[in-house]
Number of protein chains: 2
Amino acid sequence: MTYCVAMRLADGLVFASDSRTNAGFDQISTFRKMHVFEQAGERELVLLSAGNLATSQSVISLLERRAGTDVTNVLNTGSMFETAELVGQTMREVIRRDNPDGKLGQVDFSCSLILGGQIKGEVPRLFNIYPEGNFIEATEETPYFQIGESKYGKPIIDRVVNYRTPLDRAYQCALISFDSTMKSNLSVGMPLDIAIYRTNELKPCLMDRVDDQSAYFHELRQRWHQGIQDLFANLTPPNLG
Amino acid sequence: MTYCVAMRLADGLVFASDSRTNAGFDQISTFRKMHVFEQAGERELVLLSAGNLATSQSVISLLERRAGTDVTNVLNTGSMFETAELVGQTMREVIRRDNPDGKLGQVDFSCSLILGGQIKGEVPRLFNIYPEGNFIEATEETPYFQIGESKYGKPIIDRVVNYRTPLDRAYQCALISFDSTMKSNLSVGMPLDIAIYRTNELKPCLMDRVDDQSAYFHELRQRWHQGIQDLFANLTPPNLG
């Protein structure tokens, strides 16, 4: 399983992904689910992936191999929208390669992607690319996307994040969202990959890998857990009559 | 969709269920998912159901029709364990009736049930009955079960409920769990049915229906939402460098 979340806010973009993959409980590995394509000062693109690892790795490999060539690629698209189209097409290409007639019903070849970033001249943009290769874009009303095991960590985002949330607070909320998810689903696990971009800087504001040694995350988890327990304890209990 | 949760705690049993059913977004109805079988002072049984409504209604109807007859039924079983066996058998009977060869692959006839209660002479017990009719029992380490749309509302239960939690606090936590779930999934909806039993009383301590008019739930939802936002605002944000 996987959990990835990305937010497009007034101040910029926040990306976070876990790194656990599993094929059964005794076949657990660590794979990076965040991939960055960049030309400093020109474009910063981040792809987060969930689903079939063979498919998502092939998509990334093809995007990397074609970057800088003459064909349309992630470094020469004219907009984030065109980049989303390109990534969606590449995903369909890989799935057609591996399951040409759509008949290999036993295996799920699909993957879901989040693409976000900024190309000079455009505002930062964020897309959720479905397994079919089509996609939707984040708006001010719906400024974030999740892929993978999204449910455990959704309520906290809905309660505290909106388009005007500062980047440091949005990042903090993403960490709490991961905490709730990792407590509930063993197949989502550390380390977490983090990328944060301020609008129009066209370079990373933060690139980090949060692991078991992270003092900040460790303290945040403890404080949040204790804070929830205190908040609950201070509510007026219902009268059972 | 459905969300039901039940807890078996040192002080007794807490049950809560939503009442929304839907077959598509334009076919929404209210159905009670909590069913009670009782003989005051002798036995109190509560069934919560999720999944195919035709199946769960038939199971309930058969259990009701047979109650008080000479065959093994919910009012004459010798233990909660036997009752769980009976309910599981009845579910298999209904699914065999409606899908005798298991070949009607398009429709999911299955349902999941939670059975809890107390029979005089036994301690209160709680069972999660799977679609196949087999079941597991709650323990001190795992004192609660959820069926239906369980993920959004799970983290809060894990953070504040354990076997020693008082009944009023456990009920309060269930309401918060429903709040998070209903915020995230439109197919889980009010009114909520609530049943609470104190150990060895063999009569309900609280039977309630919580709807939009419930002042307590309304205030709890507001206070919780504000409390989470305040808790979040008071944490130290990460340093983005």
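**Exercise 1. The largest pocket**

Find which element gives the largest share of the lining of the largest pocket, and then describe that pocket by its volume and its residue classes.

*Solution.* Step 1: the largest share of this lining, three residues, is supplied by S6(A), where strands are DSSP runs (E) of at least two residues and helices are DSSP runs (H or I) of at least four, both numbered from the N terminus. The model is a predicted one, in which totals for linings use all residues, whereas local features need pLDDT of at least 70 and side-chain atom pairs count only at pLDDT 80 or more. Residues are numbered from 1 along each chain as its sequence is written, chains are lettered from A in the order in which they are written, and side-chain values use heavy atoms, with hydrogens and water left out.

Step 2: the space in the largest pocket comes to about 410 Å³. A pocket is an open set of points on a 1 Å grid with protein on both sides within 12 Å along at least five of seven lines, a cavity is a set where a 1.4 Å probe fits but cannot get out, and lining residues have an atom within 4 Å of a point.

Step 3: there are 19 lining residues, and Thr21(A), Asn22(A), Gly51(A), Asn52(A) and Leu53(A) lie nearest the centre of the pocket. Two or more residues each come from strand S3 (20-22), strand S6 (43-51), H1 and strand S7 (111-119) of chain A.

Step 4: sorted by class, the lining holds five nonpolar, twelve polar and two charged residues.

**Exercise 2. The second largest pocket**

State the volume of the second largest pocket, and locate its lining in the chain.

*Solution.* Step 1: its volume is about 330 Å³. Step 2: of its 14 lining residues, Met1(B), Thr21(B), Asn22(B), Gly51(B) and Leu53(B) are the closest to the centre. Step 3: strand S3 (20-22), strand S6 (43-51) and helix H1 (53-66) of chain B each give two or more residues, and S6(B) has the largest share with three. Step 4: the classes are four nonpolar, nine polar and one charged.

**Exercise 3. The cavities**

How many cavities of 30 Å³ or more does a search of the whole structure find, and which elements line the largest cavity?

*Solution.* Step 1: the search finds three. Step 2: the largest cavity has a volume of about 200 Å³, and of its 14 lining residues the closest to the centre are Pro155(A), Ile156(A), Pro155(B), Ile156(B) and Ser180(B). Step 3: in both chain A and chain B, helix H3 (154-160) and helix H5 (215-233) give two or more residues to this lining. Step 4: the lining divides into ten nonpolar, two polar and two charged residues.

Key: Grid points are joined across faces, edges and corners, and a volume is the space filled by probe spheres set on the points. Ala, Val, Leu, Ile, Met, Phe, Trp, Tyr, Cys and Pro count as nonpolar, Asp, Glu, Lys and Arg as charged, and the others, Gly among them, as polar.
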